[in-house]
Amino acid sequence: MLLLALDTATPAVTVALHDGTDVIASSSQVDARRHGELLLPAVDRVLTEAGQRLDAVTAVVAGTGPGPYTGLRVGLMTADTFGLALGVPVYGVCTLDGLARAADLEGPFVVATDARRKEVYWARYADSRTRLTDPAVDRPADIAEQVAGLPAVGAGALLYPDTFPRAHEPEHVSAAALARLAAERLAAGEELPAPRPLYLRRPDAQVPKNYKVVTPK
């Protein structure tokens, strides 16, 4: 196995290679505006560090969010393109699950990432490998009772200490954690889903109201 994992659902552009035993190379850069510029050089850098060629990859894993439309689609389209070009399977893993895996907490906790608009993407976990709720997007104050007293990880938790007083790092997902989680699930015989995006809300860009279509005479 040579698993290529990548995620662009948060401000982190993160890539990793997993050889079936552990992560052999990884790269993470935080820049919310340059996902498209940074992703492919990161893939090349990780392959070079591991002494591998792209055609040695046997599967691709992409973080499926939830996340902003623009950033999230960069990683998913890149993963699909690699899969098509290499003729290998492409799997999707929830980005929040990757953060939970990196947190490696024992008891119940929350993962929350920044959804902008004063909202968070979040889910509850029983442990670092078991999600209890579907990913959702809400204002922190609206979920305060549901997360009260629980530890929390992620940039969203760190941004809103009133709702998440027990927040700590990791702030963003790492492809290394995503790769470990995917490898564990595949080794256990689980079927990983296709890489379909979890947007949870409509994109920021909207067609203006009263938009007039101009047709040629």
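Colleague: Let's start with one residue. Which residue in β5 stands opposite V60?

Modeller: V60 stands opposite V90 in β5. Please keep in mind that this is a predicted model.

Colleague: What makes β4 and β5 a pair?

Modeller: Strands count as paired when there are at least two bridges between them. Strand β4, residues 59–63, is joined to β5 by 4 bridges, so the pair meets that cut-off. The two run parallel.

Colleague: Which sheet do these strands belong to, and in what order do its strands come?

Modeller: It is an open sheet of 5 strands, in the order β3-β2-β1-β4-β5, with mixed pairing.

Colleague: Why are β3 and β5 called edge strands?

Modeller: Each of them, β3 (23–30) and β5 (90–93), has a single partner strand, so one side of each is left without a neighbour in the sheet. Neighbouring strands here are turned by 15° against each other on average, ignoring direction.

Colleague: Now to β7. How do you know that β7 pairs with β6?

Modeller: We count bridges again: 7 of them join β6 (residues 109–116) to β7 (residues 119–127). With at least two needed, the two strands therefore pair, and they run antiparallel. One example is V110, whose bridge partner in β7 is R124. The hairpin of β6 and β7 has 2 residues between the strands, and R117 takes a positive phi near 50° there.

Colleague: What about β8, residues 130–131: how many bridges join β7 to it?

Modeller: There are 2 bridges, in the antiparallel sense. The cut-off is at least two, so β7 and β8 still count as a pair. D127 stands opposite T130 in β8, and β7 and β8 form a hairpin with 2 residues between them.

Colleague: And which residue in β9 does Y121 face?

Modeller: Y121 stands opposite V137 in β9. Strand β9, residues 136–138, pairs with β7 over 3 bridges, also in the antiparallel sense.

Colleague: Which stretch does UniProt mark as a domain?

Modeller: An unreviewed UniProt entry places "domain: Gcp-like" at residues 32–144. In the model that span is 39% helix and 27% strand, and its end C-alpha atoms lie 27 Å apart.

Colleague: Last one: why is H172 called buried?

Modeller: Buried means under 20% relative accessible area. H172 has 17%, so the word applies. H172 lies in the loop between β11 (167–168) and α6 (175–187). Leaving aside neighbours within four places in sequence, H172 is in contact with T10, P11, A12, V30, L99 and A155.

How values were computed
Residues numbered from 1 in each chain as written. Predicted model: local features only at pLDDT ≥ 70, side-chain atom pairs only at ≥ 80, totals over all residues. Heavy atoms only, no water. Buried < 20%, exposed > 50% of the residue type's maximum accessible area, 1.4 Å probe, protein only. Contact = heavy atoms within 4.5 Å. UniProt positions renumbered as here; feature names shortened; annotations may be inferred. Axes fitted to C-alpha atoms, helices over the stretch in contact; angles between N-to-C directions.
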